[in-house]
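Please look at the sequence and the structure shown here, and work through the questions that follow with both in view.

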Amino acid sequence: MIKLSVVIITFNEERNIGRCLDSVKSVADEIVVVDSFSTDKTEVICNSFGARFIQNRFSGYIAQKNFALAQCRYNYILSLDADEALDETLISQISSIKSNWDADAYSFNRLTSHCGKFIHHCGWYPDVKIRLWDCRVGKWGGEDPHDKVVLANSARKRHLKGNLIHYSYYTLEEHILQANKFSTIAAREKFSKGASTNLLKIWISIKFRFFKDFYLRLGFLDGFHGYFVCKMNAHEVFLKYSKLYLLQQDSSR
């Protein structure tokens, strides 16, 4: 049976971290929490579950998660965000995999709760994520703040049953604030890589994102919450490219 390191990054997650840790305790051979100097009860809760609690200055989601990987004792990794938890089916699947590890990486669906309602469309589900893998064949990459596990081309993948439950936003205000925060990070990341935009691209991107998520991805079936999610998806695109446009203007002066 393989030994599994569960790794989580945190900052002021007292509202979520207990639920996350409770869901992984039966499959974890160690729990590593890398914290960005929380000021709430995050550390106390993590210690109560026997987690190894390490503090490290936050310099980006990808950098922090790769730092966390380097702290693990074992090569086999299960990585969760503090506001996520395994459902019972996924717990059972991972327990079985530990006795019969037959791939390099495993993916599963993520089901997100928005203000108390689970979203089954809008491009938010099935939202397939690779979160269980052998770290010798992959590490965190992508573009901040939307990190992802990047695997070697030869890596063998399997998909597991069950859902990773994501408790994303408890209020509409939280969603609005997060969209503003993430759009700033994304704009700076794109600008640093030489990306550019213009007014026509901004307008088209906004319109297409809402049309895709609300109509093509059936967001309307999720009712009010689906409508709000699709509008916010488009709004975050608007903010991201507007901020990128202003960065371009500032740079050219």
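Q: In which sense do strand S1 and S2 pair?
A: Strands (E, at least two residues) and helices (H or I, at least four) are DSSP runs numbered from the N terminus, and two strands pair if DSSP finds at least two bridges between them. This is a predicted model in which local features need pLDDT of at least 70 and side-chain atom pairs count only at pLDDT 80 or more, while totals for chains, interfaces and linings use all residues. Residues are numbered from 1 along each chain as its sequence is written, and side-chain values use heavy atoms, with hydrogens and water left out. Strand S1 (residues 4-10) is joined to S2 over six bridges, and the sense of this pairing is parallel.

Q: Which residue in S2 stands opposite Thr-10?
A: S2 also pairs with strand S3 (residues 52-55) through four bridges, and there Val-32 has Arg-52 as its bridge partner. Opposite Thr-10, the residue in S2 is Asp-35.

Q: Why is strand S2 largely enclosed by the rest of the structure?
A: Buried means under 20% relative accessible area, against over 50% for exposed and partly exposed in between (1.4 Å probe, protein chains only). One side of S2 holds Glu-30, Val-32 and Val-34, and the other Ile-31, Val-33 and Asp-35. Strand S2 (residues 30-35) is largely enclosed because the number of its six residues that are buried is six.

Q: Is Glu-84 buried or exposed?
A: Glu-84 lies in strand S5 (residues 84-86). Because its relative accessibility is 0%, Glu-84 counts as buried.
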